[in-house]
Amino acid sequence: MDQKYIPNNMPLQSLACTPKELLESTVAQLVHLHPPTDNYPDEKQKGIFSGYTSLAYLVLRISNLHPTLEVDGRKLLVWVEEYMASLPQDVGFESGYGGLHSEKLSVEAIRACISGFESDLNKFL
């Protein structure tokens, strides 16, 4: 009978640094390559799955999982707030985009997660 998998007989390899250090380095590189900015082109606003709104969401999720993680001496939640502050405040619904592909809904969902206010949640809903 043929094998249904490729055997993994390689010995374990050690990492050059700890997983936490690798995560810190990766998030720092992400923030440095794509920092919050005041100029978000319309084509970069694609909801929660791509573009700058997705960066805010990704950093928010990492912040929730690793609340002590910092980039440049600032907590990740501070970076999320900076991303959110720099997003356009008057985003409308886009034709053909719904759910989390909608920039408007994505921004409002992330805002509700950050603030914890029922008014922000109601705005999203």
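Which way do H2 and H3 run relative to each other, roughly parallel or roughly antiparallel? Keep that question in mind as we walk through this predicted model.

## The overall layout

Let's start with the parts list. The protein has five helices and two strands. Reading from the N terminus, the elements follow the order α-α-β-β-α-α-α.

The protein has 125 residues, and 29% of them count as buried. Take the contacts between residues at least 6 apart in sequence: 58% of these join residues at least 24 apart.

## H2 and H3

Now back to the opening question. The axes of H2 and H3 lie 9 Å apart, and the two helices pack at an angle of about 160°. Angles over 145 degrees count as roughly antiparallel, so H2 and H3 are roughly antiparallel to each other. The crossing of H2 past H3 is left-handed.

Which residues of H2 and H3 meet? From H2 come Leu 55, Ala 56, Val 59, Leu 60, Ile 62 and Ser 63, while H3 brings Leu 76, Leu 77, Trp 79, Val 80, Tyr 83 and Met 84. Sorted by type, the residues of this H2–H3 contact are eleven nonpolar, one polar and no charged.

## H2 and H4

H2 (residues 52–65) also packs with H4 (residues 103–115): their axes come within 10 Å and cross at roughly 25°. That angle makes H2 roughly parallel to H4. The crossing of H2 and H4 is left-handed.

On the H2 side, the contact is made by Thr 53, Ala 56, Tyr 57 and Leu 60. On the H4 side, Glu 103, Ser 106, Val 107, Ile 110, Cys 113 and Ile 114 take part. The residues of the contact between H2 and H4 comprise seven nonpolar, two polar and one charged.

In soluble globular proteins, nonpolar side chains tend to be buried together. Here, the largest nonpolar core has 20 residues, and the members that touch the most others are Val 27, Val 71, Leu 76 and Met 84. At least two residues of this core come from each of H1 (19–33), H2, H3 (76–86) and H4. H2 gives the largest share, with six residues.

## A closer look at H3

What are the buried residues of H3? They are Leu 76, Trp 79, Val 80, Tyr 83, Met 84 and Ser 86. The buried residues of H3 pack against the helices H1, H2 and H4, and also against strands E1 (70–71) and E2 (74–75).

Methods: Residues are numbered from 1 along each chain as its sequence is written. This is a predicted model: local features need pLDDT of at least 70, side-chain atom pairs count only at pLDDT 80 or more; totals for chains, interfaces and linings use all residues. Side-chain values use heavy atoms; hydrogens and water are left out. Axes are lines fitted to C-alpha atoms, for helices over the stretch in contact, and angles run from 0 to 180 degrees between N-to-C directions. Helices (H or I, at least four residues) and strands (E, at least two) are DSSP runs, numbered from the N terminus. Angles under 35 degrees count as roughly parallel, over 145 as roughly antiparallel, 65 to 115 as roughly perpendicular and the rest as oblique. A crossing is left-handed if the near helix is turned anticlockwise from the far one by less than a right angle, and right-handed if clockwise. Contact means heavy atoms within 4.5 Å. Ala, Val, Leu, Ile, Met, Phe, Trp, Tyr, Cys and Pro count as nonpolar, Asp, Glu, Lys and Arg as charged, and the others, Gly among them, as polar. A nonpolar core is a set of buried Ala, Val, Leu, Ile, Met, Phe, Trp, Tyr and Cys residues joined through side-chain atoms within 4.5 Å. Buried means under 20% relative accessible area, exposed over 50%, partly exposed in between (1.4 Å probe, protein chains only).
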